Structure formats: C-alpha cells, structure tokens
Amino acid sequence: MNVKNTKFYRKIFGSVLILSLLSIFLAGCNNYKDLDDFRVEFSEDHSRYYIRGISESGKEKEELVIPSTINNARVVGLGSVYAPSYFSSPNLKKLFWSGGQELNNKRIIDACPELETVVFTSACPSDYRSFFLDSYVWVFYHDKKLIRIILLNEVKEWILEHEDLYYVPDYIIDSPSPNVYFNLNYSITSSDFSDEFKEEWFKAFYSKILNKENDELLRRINEDLIVYCEQKNYDIDMLQQLKSDEVVDFIFEFLSEHVYEELKTESNILNHENYTWIDYIEDGERIKTMPPEPTRDGHEFTGWYLDRKCTQKADFKSFVKDGKDTTFYAGWKQK
C-alpha cells in the first residue's frame, strides 16, 4: 500500500470515528432538556434525574434551589464531568442544596464567579455523607476566596463528633450559622429519618447499651426487651449471636415510643426540632428564596406564621432581617 492510499484510509477512518463519537454524543443529548432553572438528563425509564447544568432562564437568577426530586423521580447527580461548562452562571450568588446527591463537577466555583454562599437545607447529617467523605467540600475552596457553607450548628457538632466518618475543613466550621429557620411545626416519627441515618444511629445506641453508659436507659431497655422477647418467644441471649444489621432491625422493632423520644434527644441531632429549611441573610436584607410548600399526611398547609400556635401570619413582603434569629412556623389544618 503506497503512502497516498495510507493517507486516504486514515482520513476515512478519522471521519468515521468522528461521526461515531458525534452520534453517541447526540444520542446522549436526546435525554437532555431544560426544566425550569436547570438543564437535566433523565434515565430512559425516567426513574432518575441528573442536573447537568443551569438553563438560560436559571442563569438570570441570583439564587437557585437544587430540587431533590423532579416529576416524583429522585435527583441523583449534580454537574457533569463531560460538560462542566453547563453548570455555569454569571449571576448566581447563593445556592440552596439539601445534599445527598453525587457531585460530578468540582468546578462550580470557577464556572460561577459571583457565587458566595451554599446553604444546606437538609436536617439530616447523613445527607452530607458523600459531600464530606469524598472531599467535595474542596469544590468551594479557591486560592482567592472561600464559599460560605451554611450548616446548622447541630449538624456541625454532630459531624465534628464523628470525625472518623466525616472531615470538615475549618472554613466550613467558621462559616456563619443560619439565622432564618422554617419550622415544620409538628411531631415527626421514625419515617422522617433516612434509612442510612437510622442504621448509624441505632448501632451507636446499641453500643451504649452494651457499654452500660446510661443505667436508667439500660433499665428501661431491659424491661422492654423482656416484654418483647416474651411476646416473640425469643431468648434474650440470642442478641449476642445477631449480626450488626440484624441488631439494627431488632432494636428498631422493639423500641417503645418513650425510649425513641429519649434516643432523639440523646443523639444531639436536630430532626426533633422540625427544621425543614434554613437560610442566612445579612441584617437589613429580605428573604429572596422561599422553601417549597411542605406536605403532611392528612393535613393541609395554611402558610407560615411568626408563632408556634400560628396566630400571627408572616408577611414576607414587609419582613426585613433585624439582627436576631427568626423562626417561621408551618400552619396545618386537618383534612
């Protein structure tokens, strides 16, 4: 084969390769579309969504909220390794994020030059597992500036107590705490906790039982255990033979409500405080971004109030931050 033919075949091969790659790229783009503020990618069965970037309308806004679900399907990823420029905005200053989603693009700080604050609205620390364990925190660190990361104090304390699981840089701990709280204003149950958090929680709780760290709690647990085992025809000694995941299931099943309430208090975590949304604003500023309307089984949401008994309706048009922390309470009417 002469040199001229070799060059010809190389051109043909190169053209075919480029066309093949282009067809693959375009096929992938068929799953991309703009929904509200974001460019999203969805799985073929629409069971999962990935937020790959910011839409043209979203780029005009200074504050954006990362949704946890789209069309009742879970959002599992944020950003794009292959198209990092998608998640860019010339105007974005504050990002609200519940956490719990895989972060695929670690260049958000470069793509959004005006970004100043990221507010984590989730009340459950286990939602931050991938965020801290995989060192995604460094996406908000730059030689020239640090992005403020707003976390509840209770979340910071919990994470610092579990340094074997989570690592938090100083700049996050030194970030200001939220000063605006939206409270769900009703008693939560175990169903409000993520399965991952419950597993960690009950394993730690079982460790307290084995180490006899709380005599009164141990006495009450033993009483419940005896009653429970009698009802189930179990031998208490069988606990020593259970695997860790079986222990979690076993403990969760037999725990009575009064022990569960004490467990929530002892865990030093904020779920029992009912926060559904947090924010941080400077004095003299107004709230620009409101939380999604909360839902509750068997109840209708009636709005946000300034008091827990829901007698004073909140007027967000006139509300201005005045130096003290502010809590708004959800109002409910039974259906």
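Q: Which residue in S6 stands opposite Tyr49?
A: Val75 in S6 does. Here a strand is a DSSP run of E, at least two residues long, numbered from the N terminus. This is a predicted model, where local features need pLDDT of at least 70 and side-chain atom pairs count only at pLDDT 80 or more, while totals for chains, interfaces and linings use all residues. Residues are numbered from 1 along each chain as its sequence is written, and side-chain values use heavy atoms, leaving out hydrogens and water.

Q: How many bridges join S3 to S6, and how many pair S2 with S3?
A: Strands pair if DSSP finds at least two bridges between them. S3 (residues 48-54) runs parallel to S6 (residues 73-78), joined by four bridges. S2 (residues 38-42) pairs with S3 in the antiparallel sense over five bridges. Glu41 is opposite Tyr50 in S3. Five residues lie between S2 and S3 in their hairpin, and His46 in the turn has a positive phi of about 60°.

Q: How many residues of S3 are buried?
A: Six of its seven residues are buried, meaning under 20% relative accessible area (1.4 Å probe, protein chains only). Tyr49 is buried, at 2%, and Phe42 is buried too, at 11%.

Q: What describes a pair of aromatic rings?
A: The distance of the centres and the angle of the planes. Rings of Phe, Tyr and Trp (its six-membered ring) pair with centres within 6.5 Å; planes under 30 degrees apart are stacked, over 60 edge-to-face, the rest tilted. This structure holds 13 such pairs. Phe42 and Tyr49 make a tilted one, 6.1 Å centre to centre with 50° between the planes. Phe96 and Trp277 are stacked because their centres are 4.9 Å apart and their planes at 25°. This pair links Phe96 in S7 (residues 94-97) with Trp277 in S12 (residues 275-279), 181 residues apart.

How values were computed
Buried < 20%, exposed > 50% of the residue type's maximum accessible area, 1.4 Å probe, protein only.
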